[in-house]
Amino acid sequence: MTPKELGLKLIDAISVSANELPAKIECLNSLGYRTDVSTTFKKEYIQFVDEEFVEAEYTLLIYKEKPND
């Protein structure tokens with residue numbers, strides 16, 4: 001189900017590090033917000049060390065329940 005079908009409205013999206021993600025989710029949920037996480041993987045090749053790195057980027061999606069009309 002989509003957030004809209006669940007009666008949720010997206011109010012913000014913020015970039016967060018993996019370290020701060022659990023605390024932010026817990027804090028927002030305790031304030032009555034609903035959250036979801038979008039993860040994007042970015043691959044980089046660093047030539048001078050001849051290695052490939054994959055880095056995850058996290059976007060915390062913040063929703064609020066729509067009031068019933």
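Trainee: Which strand does I11 lie in?
Mentor: I11 lies in strand β1. Keep in mind that this is a predicted model.

Trainee: What does I11 touch?
Mentor: Y33, I62, Y63 and K64. That leaves out residues up to four places away in sequence.

Trainee: And how far apart are I11 and F41?
Mentor: In sequence, 30 residues. In space, 24 Å from C-alpha to C-alpha.

Trainee: Back to Y63. Which residue stands opposite Y63 in β3?
Mentor: L10 does.

Trainee: How many bridges join β1 to β3?
Mentor: Eight, and the two strands run antiparallel.

Trainee: What's the strand order in the sheet?
Mentor: β1-β3-β2. The sheet is open, has three strands and pairs antiparallel.

Trainee: Which are the edge strands?
Mentor: β1, residues 8-16, and β2, residues 34-46. Each of them pairs on one side only.

Trainee: By what angle are neighbouring strands turned against each other?
Mentor: By 25° on average, ignoring direction.

Trainee: What holds strands together in general?
Mentor: Strands of a sheet pair through backbone hydrogen bonds.

Trainee: New topic: the surface. Which residues make the nonpolar patch?
Mentor: F48, V49 and F53. The patch covers about 340 Å².

Trainee: Where is F53 found?
Mentor: In strand β3, which spans residues 51-65.

Trainee: Why does F53 count as partly exposed?
Mentor: Because its relative accessibility is 39%, which falls between the 20% and 50% cut-offs.

Definitions and conventions: Residues numbered from 1 in each chain as written. Predicted model: local features only at pLDDT ≥ 70, side-chain atom pairs only at ≥ 80, totals over all residues. Heavy atoms only, no water. Patch = residues over 30% accessible without salt bridge, like charges linked within 9 Å, V, L, I, M, F, W, Y side chains within 5 Å. Areas by Shrake-Rupley, 256 points an atom, 1.4 Å probe, with all protein chains shown as cover. Salt bridge = Lys/Arg side-chain N within 4 Å of Asp/Glu carboxyl O. Helix = DSSP H or I, 4+ residues; strand = E, 2+ residues; numbered from the N terminus. Buried < 20%, exposed > 50% of the residue type's maximum accessible area, 1.4 Å probe, protein only. Pairing = 2+ DSSP bridges. Axes fitted to C-alpha atoms, helices over the stretch in contact; angles between N-to-C directions. Contact = heavy atoms within 4.5 Å.
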